[in-house]
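Subject: Structure handover

Hello,

Here is the structure you are taking over.

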Amino acid sequence: MTLQQIYNLAIEMGIKADLRGAKSVERHMKRIKEKYVKLSKEEKAEFDEEKLKNPYSDTRVLCGDLNKQIKRIMVGIDVDAGELMVAKYLSDNPSAGSGREPIDLYISHHPTGKALASLDEVMHLQAEVLEKYGVPINIAESLLKIRISEVARGVAPINHNKAVMAAKNLGIALMCVHTPADNLVASYLKKIIEKEKPEFVGDLVDILKKIPEYSLAQKEAAGVKIFSGAKENHCGKIALTEITGGTEGSAKIYEKMANAGVGTVVGMHMSEEHKKEAEASHVNVVIAGHISSDSLGMNLFLDELEKKGIEIIPASGLIRVKRSK
Ligand SMILES: [Fe+2]
């Protein structure tokens, strides 16, 4: 596969797994195209044209030749110069036990470079997902708007191009795949939960613990945890609202979710402020685990790359579990 084909596959899989539904993503893309056409010449020059093809601002090829044939990839949850140096070392030292082919590409799950600088843009997805669970879109949007601007200010001062420059200096292609992988986790868990229909929070925890990434994380003291509520509590309606959509949304949303009939939220991670608000709104919260969930999403994507003959070298916390036969 070429780098372009790998990137296209990530976007395609992300859209298929998007909790908003592929039709809704299509409408969103159409609106962006319509707005783009109306921009002035100067505004067009500043516009990231990738947005016309890719609905996920936190997923980009950050450096490398798009036509390059890729055979081996190092994949991590994060990327920094250290991880890239490991890739370079393994490429240069076949005797280090990594085989003979060079590592052509590093894929990071968490965004870096311009994909990190525009992480806030992907958060709009959360409003439509919340609407699917019964929260009126006007409420979801207005609460998110405040949070999105906080996140935008939060990422603005970060020295976001450090890893990208390291990759360029080392001659390794670099891309990040964030929301498409998180969408894969959300739709994967949604299917299992809808099939198993857990009645109590404890049942939900047991279902999650059977997923290999979560049971492996359990052994590393990073397993599934109940942040709000108790295992004897009824789940009620279970919402997968905190798995995808960039980063944590508004802490004020739990009261609105409770009013919309949500009983339990499944998330990857949760801050203390959000936990307290969920408790105050009597919403159960089951935290599946951060790196384990990120790994699950990446694994679902990586299995497809392996099927196409690409070799994967896990790094930077990735818990690699293969599902492909
Ligand atoms: Fe993450």
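Ser316 is found in the segment after β9. Its phi is positive, about 45°, although Ser316 is not a glycine. With a relative accessibility of 19%, Ser316 counts as buried, because the cut-off for that word is under 20%. Please keep in mind throughout that this is a predicted model.

Lys197 also has a positive phi, near 45°, and is a residue other than glycine. Lys197 sits in the loop between α9 (179-196) and α10 (201-209). Is Lys197 buried or exposed? Lys197 is exposed, at 65% relative accessible area.

The five-stranded sheet

An open sheet of 5 strands runs in the order β1-β4-β3-β2-β9, and its pairing is mixed. The edges are β1 (60-63) and β9 (311-315); each has a single partner strand, so one side of each has no neighbour in the sheet. On average, neighbouring strands here are turned by 25° against each other, direction ignored. As a reminder, strands of a sheet pair through backbone hydrogen bonds, either parallel or antiparallel. Within this sheet, β2 (residues 72-76) and β3 (residues 105-108) pair in the parallel sense over 4 bridges. For Val75, the bridge partner in β3 is Ile107.

Helix α4 (residues 81-92) touches β2, β3 and β9, and its direction makes about 155° with that of β2. Helix α8 (residues 162-170) lies across β1 and β4 (173-176), at about 55° to β1.

The four-stranded sheet

There is also an open sheet of 4 strands in the order β5-β8-β7-β6, again with mixed pairing. Its edge strands are β5 (225-228) and β6 (237-242), each of which pairs on one side only. Neighbouring strands of this sheet are turned by 30° against each other on average, direction ignored. Strands β7 (residues 262-267) and β8 (residues 284-287) are a parallel pair with 4 bridges. In β8, Ile287 is the bridge partner of Gly267.

Helix α9 lies across β6 and β7, running at about 175° to β6. Helix α10 packs on the sheet as well, touching β5, β6, β7 and β8, and its direction makes about 15° with that of β8.

The iron ion

Which residues coordinate the iron ion? They are His110 (NE2), His290 (NE2) and Asp294 (OD), at 2.1 to 2.2 Å. Along the sequence, these donor residues are spaced H-x179-H-x3-D. Distant parts of the chain are linked here: His110 is in the loop between β3 and α5, Asp294 is in helix α14 (residues 290-307), and the two are 184 residues apart. Both His110 and Asp294 are buried.

Charged residues

How many salt bridges does the structure hold? It holds 16. In one of them, the side chains of Arg60 and Asp48 meet at 2.8 Å, N to O. Arg60 is in strand β1 and Asp48 is in the loop between α3 (41-46) and β1, 12 residues apart. Arg60 is buried at 2% relative accessibility, whereas Asp48 is partly exposed at 23%.

Lys51 forms a salt bridge with Glu121, and their closest N and O atoms are 3.1 Å apart. This pair links the loop between α3 and β1, where Lys51 lies, to the loop between α5 and α6, where Glu121 lies, 70 residues apart. Lys51 is partly exposed at 22% relative accessible area, and Glu121 is partly exposed at 32%.

Asp120 is found in that loop between α5 (113-117) and α6 (125-132). Asp120 is buried yet has no salt bridge; Lys51, the nearest side chain of opposite charge, is 8.5 Å away. Not counting residues up to four places away in sequence, Asp120 touches Ile148, Val151, Ala152 and Val155.

Lys275 and Glu279 also form a salt bridge, at 3.1 Å, N to O. Both lie in helix α13 (residues 272-280), 4 residues apart, which is about one turn of the helix. Lys275 is buried at 19% relative accessible area, while Glu279 is partly exposed at 36%.

Regards

Methods
Residues numbered from 1 in each chain as written. Predicted model: local features only at pLDDT ≥ 70, side-chain atom pairs only at ≥ 80, totals over all residues. Heavy atoms only, no water. Pairing = 2+ DSSP bridges. Axes fitted to C-alpha atoms, helices over the stretch in contact; angles between N-to-C directions. Contact = heavy atoms within 4.5 Å. Buried < 20%, exposed > 50% of the residue type's maximum accessible area, 1.4 Å probe, protein only. Lys, Arg positive; Asp, Glu negative; His and termini not counted. Salt bridge = Lys/Arg side-chain N within 4 Å of Asp/Glu carboxyl O. Donors = N, O, S within 2.8 Å, 3.2 Å for Na, K, Ca; no water.
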